[in-house]
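Trainee: I would like to go through this model and ask what stands behind each label. Please hold every label against its definition.

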Amino acid sequence: MDRDRLDLCGFWRFQPDPYAEGDALGFSSEELDTRLWREVRVPCGFDRCGPGLETYEGPGWYRRGLLVPESWRGQAALLRFEGINNRSRLWVNGHLVAESDLPWLPVKAEVSRHLRPGEANTLTAWADSTRRPQDVPGRQRGWRTSGGILRECSLTAAAPRWIDDLWVDAVPSPGGGDLIAHASARALGSVEDTSVRLSVLAPDGAEVLSLASNSLPVRAGGVTSWELSSSLKGAQPWSPERPALYQAVVTLCSGGREVDRQTRRFGFRRIEISEGDLRLNGSRLFLTGFNRHEDTPGRGPLPDLARTREDLEAMKEAGCNYVRLCHYPHHSLELDLCDELGLLVMSEIPLYWWNGLQEGEEACGAKLDAARRQVEAMIRRDRSHPSVIFWSVGNETSEALPEVSEGNAQLVRLARELDPTRLAVHVSDKWPHTPHFEEDDCLCLNAYPSWGGRCWSANPAYDPARSAEWWREEIESLKALYPGKPVIVTECGYPALEGIAEG
């Protein structure tokens, strides 16, 4: 039941499209001759696809051939790109199979009807990094624009009836833990008798739980879902001190046969607020940590898991228990590392510096809709990671504007509705003047008083000790408005360049 998989990373052809002529010129057609296109190694953002493209913003096209094994005939073929920025379209043998406007999140499609097993096939990807007001992040962002295929891509063969999604909710309980495994299945053709079996493996690999579901039909083009719940005596809780990871193994059965199997790691972890404090597994929690961008020397936003591990391990060695992944969904393997190392995570969508109706009513509504879909996709991808304790729906938006403050509130409510096991927040820098935290579980605060007190006010004699006083005074005033809500200082500091010190 192991799925065959073709790694689609490696050499592709690439062509920038600064005048957006590719559609008219038939760049998606499988008959197109791409021998004059530049050869690049995917993952490869636009800035690494050739000289002069370091700051390129616009559309670009990727193309490659692939030979699909004859044994794949009759199987489901699952195409998946882990991240294409900012908007994307995918074609198989000239057939459009997927479109997305969700940067940093998976783009996927079942493409068996468009493949030719045993023969040559073509795969075309279009990416567009043009910033538009109706997108998230749109024109507002605090990092370098980087478009293209930024993460891994693959094509996988699965049985004609396959597990489409799997996630686990698990919390500690007296004497052990409670869990709910959520599994869904799809099929190329309708099937009447389909069920799932769940096996739970402890951190040492021993099976500690086995469950079976009832049988349900799976209809072609539809999704069938199961929930399997149980208590597990003696379950070890996941925590930064002891990041105990369990494994859920779900087997899909149809017609009395096992046809597919998928696994997912999880941990028994409860995050909640009690008496004004954050509590992890019932114990008071004080967060210490850093913000981290997915950006490393020499590779920029492309996957660099060795450097990522170094960064996260350095945080742990410094005594941290928390990392905010700014300001977009990071690679899912980075979350795997946080699960393993015991780092609590704030995961965030790139709704950044949103200024509401200032870009027009249509753009404002479209941006909020895009943000909703990004919240849904982020939670759908990452909800099994025990390290994630916060969903953040935006950073430093113009919440003095009523359409923005209400939009933030809607997104916080959506995140909580989709995942009531975690805390939902937005991150504010407008809080000293226009706080809007009515819906938020915690007060997430950005401020740079030393930067403002010295640089913006042109006062070289500014005493940084005044900044500590400012924080104490302002936080106490804010807590009086929102009693019982914990405070998280999500950003603070002072500008600095390596090797340069101010007098």
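Trainee: Which residues of helix α5 (residues 449-456) are called buried?

Mentor: Pro449, Ser450, Gly452 and Gly453 are the buried residues of α5. Buried means under 20% relative accessible area, exposed means over 50%, and partly exposed lies in between, with a 1.4 Å probe and protein chains only. Helices are DSSP runs of H or I with at least four residues, strands are runs of E with at least two, and both are numbered from the N terminus. Keep the source in mind: this is a predicted model, where local features need pLDDT of at least 70, side-chain atom pairs count only at pLDDT 80 or more, and totals for chains, interfaces and linings use all residues. Residues are numbered from 1 along each chain as its sequence is written, and side-chain values use heavy atoms, with hydrogens and water left out.

Trainee: What covers the buried residues of α5?

Mentor: The cover includes α6 (465-481). After α5 comes alanine 458, with a positive phi near 50°.

Trainee: Why is serine 467 called buried?

Mentor: Its relative accessibility is 6%. The cut-off is under 20%, so serine 467 counts as buried. Serine 467 is found in helix α6.

Trainee: Which residues does serine 467 touch, beyond those up to four places away in sequence?

Mentor: Pro449, Ser450 and Tyr462. Contact means heavy atoms within 4.5 Å.

Trainee: What makes the pair of serine 467 and tyrosine 462 a polar contact?

Mentor: The two side chains meet at 2.8 Å. A polar contact is a pair of N or O atoms within 3.5 Å; within protein, one must be able to donate a hydrogen and the other to accept it, and residues adjacent in sequence count only if both atoms are side-chain atoms. The 2.8 Å of this pair is therefore within the 3.5 Å limit.

Trainee: Now arginine 13. Why is arginine 13 called partly exposed?

Mentor: Its relative accessibility is 28%. The class lies between the buried and exposed cut-offs, so arginine 13 counts as partly exposed. Arginine 13 sits in strand β2 (residues 10-16).

Trainee: What does the side chain of arginine 13 reach?

Mentor: The backbone oxygen of tryptophan 37, at 2.9 Å. Trp37 is also among the contacts of arginine 13 outside four places in sequence, as are Thr34, Glu39 and Trp61.

Trainee: What is the order of the open sheet of 6 strands?

Mentor: The order is β3-β2-β5-β11-β8-β9, with antiparallel pairing. What makes β3 (38-42) and β9 (95-100) edge strands is that each pairs on one side only.

Trainee: How do you know that β8 and β9 pair?

Mentor: Two strands pair if DSSP finds at least two bridges between them. Strand β8 (residues 87-92) has 5 bridges to β9, so the pair qualifies. Leucine 90 stands opposite alanine 98 in β9.

Trainee: And what joins β14 to β15?

Mentor: 12 bridges, in the antiparallel sense, between residues 161-173 and 176-187. Valine 171 faces aspartate 178 in β15. The hairpin has 2 residues between the strands, and glycine 175 there takes a positive phi near 85°.

Trainee: What is the pairing in the sheet of 7 strands?

Mentor: Parallel; the order is β25-β26-β27-β28-β29-β30-β31. β25 (289-293) and β31 (487-491) are the edge strands. 5 bridges join β25 to β26 (residues 322-326). Histidine 293 has cysteine 326 in β26 as its bridge partner.

Trainee: Why is valine 388 called buried?

Mentor: Its relative accessible area is 0%. That falls under the 20% cut-off, so valine 388 is buried. Valine 388 lies in strand β28. Its contacts beyond four places in sequence include Arg269, Val345 and Arg422.

Trainee: Which residues lie nearest the centre of the largest cavity?

Mentor: Val168, Asp169, Ala170, Arg269 and Arg422, out of 13 lining residues. β14 gives the most to this lining, with 4 residues.

How values were computed:
On a 1 Å grid over the protein atoms alone, a cavity is a set of points where a 1.4 Å probe fits but cannot get out, and a pocket is an open set with protein on both sides within 12 Å along at least five of seven lines; lining residues have an atom within 4 Å of a point.
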